[in-house]
Every structure is written in structure tokens, then in C-alpha cells.
Amino acid sequence: MKNFSVVIAGGGSTFTPGIVMMMLDNLDRFPIRTLKLYDNDEARQAVLGEALAILLKEQAPEIDFSYTTDPEEAFTDMDFCMAHIRVGKYAMREQDEKIPLKHGVVGQETCGPGGIAYGMRSIGGMLEIIDYMERYSPDCWMLNYSNPAAIVAEACRVLRPTAKVLNICDMPVGTLRRMSQIIGKQPEDLEVRYFGLNHFGWWTSVKDKEGHEYLPQIREYVAENGYLTQVEVDTQHMDQSWQETHKKAKDLLAVNPRYLPNTYLKYYLYPDYEVEHSDCTYTRANEVMDGREKTVFTAAKNIIEKGTAENSGFTIDSHASFIVDLARAIAFNTHERMLMIVENNGAIANFDDDAMVEVPCIVGTDGPEPLAQGKIPPFEKALMHQQVTVEKLVVAAYIEGSYQKLWQALTLSKMIPSAKVAKDVLDDLIEANKGFWPELK
């Protein structure tokens, strides 16, 4: 079995240690010869890089490990790039959440005006990494799970259409784990049908390998409890705000009881509730900075201080094993069935061919092949068309430097009540994002 070389773009991310430990836990399935971290924030990455160097020396000394801010050094001779970048870091996420709330609008990192702001920052950073990858390792595949995935995927479709970029999200993976707990199965024993956009979709079938359909049973449970289970299967998502998110799924199901909803739909279908139950002085960004960020960096500093990673405090991000599944599918042509963000091209029969949709795909050496989901009902189709138009307008605004199109994108967003509010939010976001966004005219 070949040993692979991997670069993690966004090496200073709080997710990096968990991803690295997950890969170490899967070396029998996906052997690694070289592992590099790349980030443009040298000081932040150095803390995690030094701690992981100690950990890898103890647990996997055969892996050639390094971390760098030099693109040529990072991307040369790579088989895979795992990308989880956050342009502006958590300080800008805080602005993405608090500025809309100041105007009585949902403040969320991937949805609505916050997601649009984050998307406008992310496009340039993602294109830069793709260009480095293609320049120094033309055969490398990028496994991108950076947010906001929908806008990033649309930008890649338009601006880098031939790039070897695979866009995937962890949220459906986490929700399927919850479903498996509800019915007493393992997630790998289940096959789903699903349609939508990223953070904006519905499960239409959940079957085991023998073909037994569990959708009615899960639906009955969710109608009472949401996706919140007694045994928590996704520790990353168990801050108080995530508990509320999983509970809210029962109200989403009430709107459309035919299918099981993606939890992010709450921001689109119940925006008034979300604003009412938000604290504009302490948002999810503050939870993360006071929680996961402090925990991860404290653990890293302790490893460096002690000179050993024994009892390190780093934990395996086990649900992120889908990243290894995706890499293996490309490397070994395993024909893994996975939910991917891909150009529609008929996968949803009555939806725009050039829309970036999230559907089940069979993944092999040539990339993902979408599975046909047939025609979708009018309610879901209308919601999706509105949202995908927002995403297309954002990318067009970025390319053209168009204030008008970004204003239109915000006005069209289901979370914003009027063009006036959209303009007020936009003007504040422009001010906050100076140096991150292209100039808009």
C-alpha cells in the first residue's frame, strides 16, 4: 500500500490536532509518509506545530512532519491537501455574528449576512491555496471542508473549474451519527438519499444494507426530541448552542414532515426565533474562543512545556474520519458513497444544472459521480432556488467588485426583511471587512 503525503492548509486551526490524531488512528487504512502544516499566521501555527511535532515523534516517528508558512515548501510533492482555512480567524467570525444581530437579523457564521461576509473573505484565500497546490503539485487533490462551503464551492466552480477540488461538509456526517443512535445502528451500515445545498437540505431515505427503511422511525423520534440523543455522538457540537440546534429540528420537521431536515434550516425558517434567543454581546464565536480555542491551545502549550504528549489533552476528532474515507476513495478507487457538494448537472432533475448541490455521490479515482435524486417538490425547490441565487450573486459581487450585486444578495437572503436593512447591514460589514474584501463600487 502506498504511503501518502498530506498538507493541512489552515495548520493553526483549532481543528488541526483532532484531524492529525484522527489520521494517526487510521494509518492502517491510509498510511502517511509526509505530513505538513501550512498557515499564513506563523505564531499561531507554531504553537500547534511544535506540540504536534512532539506527539508525532512519540506516536508515529516514521512520518516526516513539518510546519511552514512558505507555500513552495508546504505544497511541493503532495498527494492531498486538506483545507480548513478561516480568513480573519475568530475575531472576524465574531463580527459576522454581532453586526447582523445589531440590526435585528440572524448572526451566524455560514448562513445569511454572516455567511456572506465570511464567504467574501474566504474566496481569495481558497483560490490562493488552489493555485499553490496546482503550481507545486499538479496531481494533488484538495479535500475542502472550509466554510462557508456553498459560497466557496460556487467560487471554485466559476473561477477554478478544472481544479481537483472536492467540497464536502461534516454536518450531514454528524447528523447521520445521531440518526444511527436513534435506531441502534452504526452509521457505516446506513445508506441515505439526500438533496439540497450545503447547510440547506433534506434526507429522503435512511436504509440499512438489507434495504429496511428507517425514515418513519427516525421521523417519529425527531418530532418529539429533535436530533438530541441521550448518547452524544459528536462532542464538538455539544456546547449549549448546539444542544438548542439539535432540539429545534422538531420544529423544522413540523413545517415539512415528509423529509428529515438539515439543522441549519432553522436560520431560514425561524429567523425571528433565532434573533430573539441570541445574545448580541456573547455569540457562538465567543463560546468557541472561550471553549475549544482555549482548550486546544492550552493543551498544546502544556505539551511543549512538558516535552511529551503523554496525556496531552488532544482528542481524536473521530467523526472527521470521513476525510480519510474521501482520500481513500480517490487513492484506491473504493467507490465510497458520500454526500458531496457538486455541480448539479441533472442530479436533481428539475433544478439548475449549474447549481452547486449537496447529494449522494459515488467517489473513485476520477472524483465524485452524483446519484440521481429525481424531481424535488415545489416547496424545497423554491427555497433552494432563492438560496442558490444568493450564493451566485455573492460570487459575482466578488468577481466584479459590485456593491449592487452584494446588496441584492443580502436583500434576497431569507433572513433579511427589507432592502433597507440589507443596505444597513452591508455598509457595516464593508467597514468591518476592510483589508479582507475586494473594494466594492
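**Figure 1. Helix 5, a 25-residue helix with a kink.** In this predicted model, helix 5 runs over residues 112-136 and reaches 36 Å from its first C-alpha to its last, close to the 36 Å expected at 1.5 Å a residue. Look for the kink of about 30°, which is centred on Ser-122. Is helix 5 mostly covered or mostly open? Mostly covered: 19 of its 25 residues are buried.

**Figure 2. Tyr-38 meets Tyr-132 edge-to-face.** Here's one of the 15 aromatic pairs that turn up in a search of the whole structure. The ring centres of Tyr-38 and Tyr-132 are 6.2 Å apart and the planes sit at 80°, so this pair is edge-to-face. Tyr-38 belongs to strand 2 (residues 32-38) and Tyr-132 to helix 5, so the pair links distant parts of the chain, 94 residues apart. Both partners are tucked away: Tyr-38 is buried at a relative accessible area of 6%, and Tyr-132 is buried at 15%.

**Figure 3. Phe-200 and Tyr-268 in an aromatic cluster.** Phe-200 and Tyr-268 make an edge-to-face pair, 4.7 Å centre to centre with 75° between the planes. Phe-200 lies in strand 8 (residues 200-208) and Tyr-268 in helix 10 (residues 266-269), so the pair ties together parts that are 68 residues apart in sequence. Both residues are buried. Which residues are linked into the cluster by ring pairs? They are Phe-195, Phe-200, Trp-202, Tyr-259 and Tyr-268.

**Figure 4. His-199, a non-glycine with a positive phi.** The phi of His-199 is about 60°. You'll find His-199 in the loop between strand 7 (190-197) and strand 8. With 3% relative accessibility, His-199 counts as buried. Asn-333 also has a positive phi without being a glycine, at about 55°, and sits in the loop between helix 13 (321-332) and strand 10. Asn-333 counts as partly exposed, at 34% relative accessibility.

Figure 5. Helix 6 (residues 149-159) is mostly covered, with eight of its eleven residues buried. Among them are Ala-149, Ile-151, Glu-154 and Cys-156. What do the buried residues of helix 6 pack against? Their partners include helix 5, strand 5 (141-144), strand 6 (165-167) and helix 14 (378-400).

**Figure 6. Ala-355, buried in a loop.** Ala-355 lies in the loop between strand 10 and strand 11, and its relative accessible area is 0%. Leaving out residues up to four places away in sequence, Ala-355 touches Val-342, Glu-343, Asn-344, Val-388 and Lys-392. Ala-355 and Lys-392 are 37 residues apart in sequence, and their C-alphas are 8.6 Å apart in space.

**Figure 7. Lysines over aromatic rings.** The charged end of Lys-248 sits over the ring of Tyr-273, 3.5 Å from the ring's centre. Lys-423 lies over the face of Trp-407, at 6.0 Å from the ring centre.

**Figure 8. Residues 233-237, a stretch with pLDDT below 50.** The chain has a mean pLDDT of 95, and 98% of its residues reach 70 or more. Over residues 233-237, though, the pLDDT is below 50, and this stretch has 17 contacts in the model beyond near neighbours in sequence.

Definitions and conventions. Residues are numbered from 1 along each chain as its sequence is written. This is a predicted model: local features need pLDDT of at least 70, side-chain atom pairs count only at pLDDT 80 or more; totals for chains, interfaces and linings use all residues. Side-chain values use heavy atoms; hydrogens and water are left out. Helices (H or I, at least four residues) and strands (E, at least two) are DSSP runs, numbered from the N terminus. The expected span of a helix is 1.5 Å times one less than its number of residues. The bend at a residue is the angle between axes fitted to the seven residues ending there and the seven starting there. Buried means under 20% relative accessible area, exposed over 50%, partly exposed in between (1.4 Å probe, protein chains only). Rings of Phe, Tyr and Trp (its six-membered ring) pair if their centres lie within 6.5 Å; planes under 30 degrees apart count as stacked, over 60 as edge-to-face and the rest as tilted. A charge sits over a ring if NZ of Lys or CZ of Arg is within 6 Å of the ring centre and within 35 degrees of the ring normal. pLDDT is the predictor's confidence in each residue, from 0 to 100. Contact means heavy atoms within 4.5 Å.
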